[in-house]
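Here is a short briefing on a protein model. Please look at the sequence and the structure first, then read the points by topic.

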Amino acid sequence: MRLRILACLIFIAVCAEASANDLYVEINRMRAGEGNCAAGGLPLLPSAALERAAGELARGENLQNSLDRAGYRSIRSRALTISGDGAGEQAIAMLASKRYCPQLTDAGLTEVGIYRDARLVWIVMAAPFAPLVGVSAETAGQLVLDLVNQARATPRYCGNRAFNAARPVRWNDSLAQASRLHAEDMARYSYLSHSGRDGSDPAQRVERAGYRYRSTAENISAGRMKPEEAVADWIKSPSHCANLMNPAYTEMGAAFAVNARSEMGVYWTQVFGTRR
């Protein structure tokens, strides 16, 4: 009798697992444009963390708390549920309805987790927080330099202060090193400030990098994945824009640092200078 019960339990577990797997397959079939949905996005990758989040939703948590409890940090997420008698068995047929197409084919989502029992199904889809600049440090530096010089070539207002067009600035490796070290420190310790954790200010960090300056200034930004976005941030900020447009500066360096565990993910530093 015990062997028979054990065999039945194993059979039920295997069937449940197979049924859940079928649901993953069905969702991706719908994203591929099969059935009633238009194609939308790449196949979703199963995520154990999102499965835990789906289980938390089944226990009454809201979506954000469910993701937090599962240790999943997302930049985009959504969830849908099917409930009622036989929901677990009928989930595939119910998902075939066009009403679920907008959620299931959202191209901005990349991963999925499912909770399923006889009366309830929760499907959680998300895109994980994965900061990525997408270009090398050298390419990013060159892009920042080019964009800064394009901005300096045009008269503009920085807040209420008017600036004439200014001469281009040149790249300087020492200023780039000062930029890189501060960006790395901000990324490592998840903060955004002109004051370093060691109490240093921008001028002190420039001196440490071996740059003997007559004048210097620093711009910082965080959460921007592209050099273009970082420069746009600086142009919009009156104080950072004033640094960027200041005709007294002749050289600059810039760098970024990435840390997925930090609050903002990507941190940028740009340092201007004029030598003695």
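The points below cover disulfides, strands, helices and a few single residues.

This is a predicted model: local features need pLDDT of at least 70, side-chain atom pairs count only at pLDDT 80 or more, and totals for chains, interfaces and linings use all residues. Residues are numbered from 1 along each chain as its sequence is written, and side-chain values use heavy atoms, with hydrogens and water left out. Helices (H or I, at least four residues) and strands (E, at least two) are DSSP runs, numbered from the N terminus.

**Disulfides**

- A search of the whole structure finds 2 disulfides; the term means a pair of cysteine sulfur atoms within 2.5 Å.
- Counted along the chain, the bonded cysteines follow the pattern 1-2, 3-4.
- Cys37 and Cys101 form a disulfide, with sulfur atoms 1.9 Å apart.
- This pair links distant parts of the chain, 64 residues apart. Cys37 sits in the loop between helix H1 (2–31) and S1, and Cys101 sits in helix H5 (residues 101–104).
- The link of Cys37 and Cys101 is left-handed, with -85° about the S-S bond.
- Both Cys37 and Cys101 are buried. Buried means under 20% relative accessible area, exposed means over 50%, and partly exposed lies in between (1.4 Å probe, protein chains only).
- Cys158 and Cys241 form a disulfide too, with sulfur atoms 2.0 Å apart.
- This pair also links distant parts of the chain: Cys158 is in strand S5 (residues 156–158), Cys241 is in helix H10 (residues 238–245), and they are 83 residues apart.
- The torsion about the S-S bond of Cys158 and Cys241 is about -55°, so this disulfide is left-handed.
- Cys158 is buried, because its relative accessible area is 4%. Cys241 counts as buried at 0% relative accessibility.

**The sheet of 4 strands**

- An open sheet of 4 strands has the order S1-S3-S4-S2 and mixed pairing. Two strands pair if DSSP finds at least two bridges between them.
- Strand S1 (45–46) and strand S2 (74–83) are the edge strands, and each pairs on one side only.
- Strand S3 (residues 111–116) and strand S4 (residues 120–128) run antiparallel, joined by 6 bridges.
- Ile114 has Ile123 in S4 as its bridge partner.

**Helices on the sheet**

- Helix H2 (residues 48–58) packs on the sheet and touches S1, S2, S3 and S4. The direction of H2 makes about 40° with that of S3.
- Axes are lines fitted to C-alpha atoms, for helices over the stretch in contact (heavy atoms within 4.5 Å). Angles run from 0 to 180 degrees between N-to-C directions.
- Helix H4 (residues 87–95) lies across S2, S3 and S4, running at about 115° to S2.
- Which residues of H4 are buried? They are Ala87, Gly88, Ala91 and Leu95.
- Seen down the axis of H4, the buried residues fall within an arc of 70°, so they line one face of the helix. The arc is that of the directions from the helix axis to the C-beta atoms.
- Glu89 and Ala93 are exposed on the other side of H4.

**Strand S10 and its partners**

- Strand S10 (residues 266–275) is mostly covered, with 9 of its 10 residues buried.
- Strand S8 (residues 213–222) runs antiparallel to S10, and 9 bridges join them. Ala222 stands opposite Tyr267 in S10.
- Strand S9 (residues 251–258) runs antiparallel to S10, and 8 bridges join them. Met252 stands opposite Phe272 in S10.

**Single residues**

- Asn243 is in helix H10 and is buried, with a relative accessible area of 17%.
- The side chain of Asn243 makes a polar contact with the side chain of Asn219 (2.9 Å). A polar contact is a pair of N or O atoms within 3.5 Å; within protein, one must be able to donate a hydrogen and the other to accept it, and residues adjacent in sequence count only if both atoms are side-chain atoms.
- Leaving aside neighbours within four places in sequence, Asn243 is in contact with Ala217, Glu218, Asn219, Tyr249 and Phe272.
- Ser190 lies in the loop between helix H7 (173–189) and helix H8 (202–208). Ser190 has a phi near 55°, a positive value in a residue other than glycine.
- Ser190 is partly exposed, with a relative accessible area of 30%.
- Ser200 is in the loop between H7 and H8 and counts as buried at 2% relative accessibility.
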